[in-house]
Amino acid sequence: MNLNNVTVKYRNSIDGIPNTMIDVIYPADENGSVRILCVPIAEDNTEYKAILQWVADGNTIEEAD
């Protein structure tokens with residue numbers, strides 16, 4: 001998973017439980033489409049492991065809206 005030039009942000013659940021998922025938001029493409037990858041916070045999830053490494057490299061996950 002490429003985490004260059006993306007926004008990484010926690011997502012709250014529909015019932016208001018904080019930080020249940022992480023959104024990886026890619027910049028708009030040439031057509032203006034934005035791709036959002038919703039990653040569950042689960043130790044066995046490959047994308048979550050990549051995000052944890054990204055954080056270990058000095059990056060920060062933004063708080064949920």
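## Fold

From the N terminus, the elements of the protein chain follow the order β-β-β-α, that is, three strands and one helix. Helices (H or I, at least four residues) and strands (E, at least two) are DSSP runs numbered from the N terminus. This is a predicted model, in which local features need pLDDT of at least 70 and side-chain atom pairs pLDDT 80 or more, while totals for chains, interfaces and linings use all residues. Residues are numbered from 1 along each chain as its sequence is written, and side-chain values use heavy atoms, without hydrogens and water.

The C-alpha trace spans about 35 × 30 × 20 Å along its principal axes. Of the 65 residues, 23% count as buried (under 20% relative accessible area, 1.4 Å probe, protein chains only).

## Nonpolar core

The largest nonpolar core has 11 residues, among them Leu3, Val8, Trp54 and Ile61. Such a core is a set of buried Ala, Val, Leu, Ile, Met, Phe, Trp, Tyr and Cys residues joined through side-chain atoms within 4.5 Å. Strand S2 (21-25) and helix H1 (46-56) each give two or more residues to this core, and H1 has the largest share, three residues.

Leaving out residues up to four places away in sequence, Trp54 touches Leu3, Val8, Asn59, Thr60 and Ile61 (contact: heavy atoms within 4.5 Å).

## Asp23

Asp23 is found in strand S2 and counts as buried because its relative accessibility is 9%. Beyond four places in sequence, Asp23 touches Thr7, Val8, Lys9, Arg11, Ile36, Leu37 and Cys38.

Conventions:
Buried < 20%, exposed > 50% of the residue type's maximum accessible area, 1.4 Å probe, protein only.
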